[in-house]
Amino acid sequence: AELHCDDAGRLHRAEGPALSFPDGFALHAWHGMPVPAEFGASMTGLTPERIRAEENAELRRVMLEHFGYDRYLAESGATPVHRDETGVLWRIDLADDEPVAMVEVVNSTAEPDGTFRTYWLRVPPWTRTAREGVAWTFGQTEGDYRPLRET
């Protein structure tokens, strides 16, 4: 009766079942991952506490993605673990899951209004420095990452 997919063709719907049949069978999914029926509705009231309390690691990752890592960092009281000229490395420890490591970087090119946009790069949890994290996003080691010019 209904079929809802995201841009990648995966079952996805926030408000209601992603797949439903005339006989009443329905499947709720978030970007291809089956979720409980009430999951989509619960996304509007997310808090850092609710995210931390989620026992299912996959659901917790979906919640973090939806909530926004930058917002989670700000509202969870996270502190930076390393800072250098490339950016700021943040780490969020999650119970029964690997830590989330992100590097906060500022675009070197100004926006039309003269401001500089901030971006968050997800990096492996073993990352020790901001430079190492940024280098990893380019497939390089920290020692090899030496950009001649940033645009």
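Helix H4 spans residues 69–76, and Tyr69, Tyr72 and Leu73 are buried in it. Here buried means under 20% relative accessible area, exposed means over 50%, and partly exposed lies in between (1.4 Å probe, protein chains only). An α-helix has 3.6 residues a turn, so residues three or four places apart point the same way.

This is a predicted model, in which local features need pLDDT of at least 70 and side-chain atom pairs count only at pLDDT 80 or more, while totals for chains, interfaces and linings use all residues. Residues are numbered from 1 along each chain as its sequence is written, and side-chain values use heavy atoms, with hydrogens and water left out.

The cover over the buried residues of H4 includes the elements below; contact means heavy atoms within 4.5 Å.

| Element covering H4 | Residues |
|---|---|
| helix H2 | 48–53 |
| helix H3 | 57–67 |
| strand E7 | 87–92 |
| strand E8 | 100–106 |
| strand E9 | 118–123 |

Helices (H or I, at least four residues) and strands (E, at least two) are DSSP runs, numbered from the N terminus. Just after H4, glycine 77 has a positive phi of about 75°.

Threonine 137 belongs to helix H5, residues 130–137. With a relative accessible area of 35%, threonine 137 is partly exposed. Leaving aside residues up to four places away in sequence, threonine 137 touches Leu121 and Val123. Between the C-alpha atoms of threonine 137 and leucine 121 the separation is 7.8 Å, and the two residues are 16 residues apart along the chain.

The chain as a whole has five helices and nine strands. Their order along the sequence is β-β-β-β-β-α-α-α-α-β-β-β-β-α. The radius of gyration of the chain is 19 Å, well over the 15 Å that the globule rule gives for 151 residues, so the chain is more spread out than a compact globule. This radius is taken over C-alpha atoms, and the globule rule is 2.2 Å times the number of residues to the power 0.38. Along the principal axes, the C-alpha atoms fill a box of roughly 60 × 35 × 30 Å.

Of the 151 residues, 34% count as buried. Among contacts with a separation of 6 or more, 27% join residues 24 or more positions apart.
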